[in-house]
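Welcome, and thanks for taking a look at this one with me. Below are a few numbered notes to read alongside the structure.

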Amino acid sequence: MKKRSNLRGLLLLITGLLTTVLLSGCDSKFVVFDPQGPVAQTQYKLIILSAILCAIVVIPVLAITVFIVLRYRDKPGNTAPYKPHWDDSKVLEILWWGIPIVIIVILGGYTARDTYALARTPKTAVTDVKPVEIQVTSLDWKWLFMYPEQNIATVNYVHIPAGVQVHFELTSDAPMNSFWIPQLGGQEYTMPGMAMSLWLQADKTGSFYGTGANFSGKEFAHMRFNVTSESQADFNKWVDGVKGKSHELTEAGYNELAIPGKSEEQTFSSYPTELFDSIVKKNGGHHMDMDMDENNDDKVDTDEQKSDSKNAHDMDDMSDMDMSNMNSSEMNHK
Amino acid sequence: MQHAIDNGHSQHAAGSHDHGHHDQESMKVLGFWIFLVTDCLLFGTLFATYVVLKGHVDGGPTGKELFEIPGFVAETFILLTSSFTSGLAVLAMNKGKVNQLIGWLIVTAVLGASFVGLEINEFVNMVNEGAKISTSAFLTAFFTLVGTHGLHVSVGLIWMIGLMVQLKMRGITPVTRRKITVISLYWHFLDVVWIFLFTIVYLMGVM
Amino acid sequence: MYASIKSFASSFFVTGDPLIYGADVSIALTSIAILFVLFYFKKWGWLWREWLTTVDHKKIGIMYLIASLLMLFRGGVDALLMRTQLALPNVHFLQADHYNEVFTTHGTIMILFMAMPMMFGLFNMVVPLQIGARDVAYPFLNSVSFWLFLFGAMLFNISFVIGGSPDAGWLSYPPLSELSGSSGVGENFYIWGIQISGIGSLATGINFIVTILKMRAPGMKFMKMPMFTWSVFSSSIIIIFAFPILTVTLALLFIDRYMGGHLFTMDGGGFPMMYINLIWMWGHPEVYIVVLPAFGIFSEIVATFSRKRIFGYKSMVFALMSISILSFFTWVHHFFTMGSGADVNVAFAIATMAIGIPTGAKVFNWLFTMFRGRIRLEQPMMWTLAFIPCFVVGGATGVMLAVAPADYQYHNSYFLIAHFHQVLIGGVVFGYLAGIYYWWPKLFGFKLNERLGKYAFWLWNIGFYVCFMPQYALGFMGMTRRVYTYGWDMGWGPLNLVSTIGAFLMGIGFVFQVWQILYSVKYGERDKTGDPWNARTLEWSIPSPPPMYNFAVVPVVDERDPFWEEKERRNFAPAEPVPVAKLEPIHMPRNSGIPFIFAACWFVAGFGFVFGWNWMAFTGLAGVGISLLVRSFTYDTDYYVPLEEVIETEKAAGRAV
């Protein structure tokens, strides 16, 4: 009896903890459960869907486990049937191979749908609003944000207009990191020598938590940044303020910024226009150009070249870059 | 080392295996086959790395500029011939002719050694031209892949010399027979790997 | 002169941290104590003859077990250090770089130097006994594997006090792990520690495949093999396909660091993403390498303690084999966020979910083995019952992680941490502990104390949920892994504190288990029958502990649970005399000191490479070569145990001769 009450205590504890976790999901501190943009919204729905589908299997299994253990204990006087040679049942086997297959098919379908949906350049409801371009570089151990259209730069904080698509272009001039703003959407790696695309959008104004998610060395824990979503007018005002007040980021200034160390929030009124491209190129984007010049007749490299030329093209004309182009170039390097 | 049913003759006729040394030795050959599977994967991974990094020359020399056709063709012929002579060695072993066996092994080893010599010569020339392991990702992958094969051949040479001494001391016994079988497997395997190297690294490199 | 010695020493030894000085002192004291005992009681000869040179799979298994428990202690201390640091916001218990070292060594040790050797220990202790063999296929190679593991583990562990520990995470992603990101020797220790023990693991994989293929007792067809043997077989197949990839990957990283290569560097055309792909091509199958044997253990225990045949044997075998194949096609799910494109992500997401199907089927088969059985809640069965709910929930969160777009929100967060600890502790650790409790009486001849075991069991289980359930929540709160500190602003404090309490409960559970072992050595319930659990497979038909040659007479098998069926037959016709088989001299392998020396030479070579001392590295490698040649020239490798000795041993064990 004592054992059983222990078991019950344990089960109670588990359910208690799970309920706490699920209920407190409404609290805004649970950033993943508090989507503030379409990407995060899609991912949130998938999380809930997958949790429900899993629960369809998990809960009955737990119930069956408890039932079987209670009913078939080896106690004198236990009247439950005992069939030591009963070890096969086609019906049952089909059932428990079949149900998970059905669930995986459903979940796989949704996964495929949303993976393809998120990999496409999102279509805006308001078609005439031009997306904002932001080039993101992860450094040791700080984030550099550059606005090519406004020609301003910030460190460890970023402003975006609400209701407008933001195209983050990600690279790294340090060991790989990962760019994550949970309330706006899932993360993507920032990798040296690669320019990756991440489309996010904040529906409303607000202040969001952003962080580096992939370990990159000593002070990784301090790679946090704040995302401020504000109205287009406020955003424009902020840009003007930055242009007016702060000093500019020079080549030398960048090299100093890239030295490993923590950093406070910083603001720059301008930066060298080719800075982002040169960061990508110097960390391996470079060799891609060499391929094109020297191995033109090399058949094996054809695919690579295609993507490289796309890559080069995209670097010239950032505004019509789409994610699938970048992705295909990554794939070819695997 | 022993087989479970070594002494099972009397009571357990059920397992009508071959017993004794023969069984043990064949088990070792099986193990060596599995080892070769793992070695295949080892080379497979190196090949994959090489193929991915082939274009990453970073402004340094490419394969087309570096590979010299007479050199790697000669290496190929020498290694293929040594594979053939190691086959002749096994034939001699099966006929029970220990001196002939040792003779063919010596020919194989000499060919293997000249292969290694040529390869070292090739590497030295490349380094003198400024194509070092630290020049570019392509060259690191190249030296690693070809060097790993060369290292395998070199280890095989030492091993082969050890076996020749053992043959001289003990003649052809079930144990030495198994050892010769195993090293000839190893030698043929290295030959097959070289054919891939020849095609993927050298031929496709100069094309 | 003095100054140069001083500067060498300050870079050679790790300095500046009271914890490390404490470790220095305790390591020195323990070593002196061990040496003193060995000298004082003149135990050197005994140690050398009985243990260091042994080729007996049972002794090798026991040594694996002891080493893995020590490593569990080390990795556990690392875990507690981390949890202490994270218990509250802004704690200054560990500095950033020290914390980074601790989580790196925790992960590496727990997977490679705790789970792997504990698994190999169980392979060694059980498989030959279960298939009716007198040893593994290659006993000498088996000893080589063990010593390579041990010296590799030692090389990795001394980095704590000499030279500095690795600090780039347990998989050492470049370019962080390249010279540009980690200029110290820590990463070299990582590479060589794993490389040396990895060669041993590969050899063990080959060894057990051949053992299972060739050394089964006559009549034991494939579909009559015990489930644990099947699981070892499938795990070994994964080993031989996965470990070569690890060997190459680490070698490539070392070439970058040692010879200035550019495979994975940021400059020179290097391609770090290649490393990440390669390491996970090994890393994901590795997870299944360690978990499949745990599945096998549960299958044995569930059948024994339900007094019923395992349910759906064929479907269980099919599930094992399909998991071992599928495990090679899921590695990309560790980096969906690398942007490999929608096609790749979808393919790998679905392959990952597909693994859930055979795994789920196994859970149902275990449940229906208990259904209509008679369940006895002894220690091995308790761990098995704790495993089922834990693993089911952990598996479900795994399926959730496999949903690629959702993974963008879980990746690198504490949700991921909670998931893999739940499957690795709930699956692997609970499984191996269940296995140890189950086979302990077979190997040592006494049971482990029940009362202490129950305390440990409840501490572990409650501690587990208290520790890891909050971490799922922390993931949803945006807490990323590998942060050494955090502020008050995110509200992560309370749940982290709860989690830390849970970790310490598990720590106390481990202390109870150590106490349980020590207590039971003296007071444990002795087992004279050889079959304390009323079990089903061949290993229980021989005395405990088994004689050096295992089976005086090799058994003939004609059904799935041979020992159980034989007991049934005897109960059915008790009057029929048990036939006494005729004994014969037994052919056994000789002990050899070469494996120990061979592995020690690897250690020397590895140490030389770590510090870039070529004279030492190549001396070590020469030693490796010479050991191999000496072995090649050794022809006297086996002998016959005389008949009188066999009869003597059998009589002493109370068996009819």
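1. Let's begin with overall size. The radius of gyration is taken over C-alpha atoms, and the globule rule is 2.2 Å times the number of residues to the power 0.38. For the 657 residues of chain C, a compact globule would have a radius near 26 Å, and chain C agrees with this because its value is 25 Å. The C-alpha trace of chain C spans about 80 × 60 × 45 Å along its principal axes.

2. Some ground rules. This is a predicted model, in which local features need pLDDT of at least 70 and side-chain atom pairs count only at pLDDT 80 or more, while totals for chains, interfaces and linings use all residues. Residues are numbered from 1 along each chain as its sequence is written, chains are lettered from A and ligands numbered from 1 in the order in which they are written, and side-chain values use heavy atoms, with hydrogens and water left out.

3. What is the secondary structure of chain C? Chain C has 20 helices and two strands, whereas chain A has eight helices and 11 strands. Both kinds are DSSP runs, numbered from the N terminus: helices are H or I with at least four residues, strands are E with at least two.

4. Next, burial (buried means under 20% relative accessible area, exposed over 50%, partly exposed in between, with a 1.4 Å probe and protein chains only). In chain C, 70% of the 657 residues count as buried; in chain A, 52% of the 334 residues do.

5. Contacts here are heavy atoms within 4.5 Å. Among contacts with a separation of 6 or more, residues 24 or more positions apart account for 83% in chain C and 67% in chain A.

6. Now the aromatic rings of Phe, Tyr and Trp (its six-membered ring), which pair if their centres lie within 6.5 Å; planes under 30 degrees apart count as stacked, over 60 as edge-to-face and the rest as tilted. Over all chains, this gives 121 aromatic pairs. One of them joins C:Phe444 and C:Phe446, whose centres are 6.3 Å apart with planes at 50°, so the pair is tilted. C:Phe444 is partly exposed at 26% relative accessibility, while C:Phe446 is buried at 6%. C:Tyr486 and C:Trp492 form another tilted pair, 5.8 Å centre to centre with 55° between the planes, and both residues are buried.
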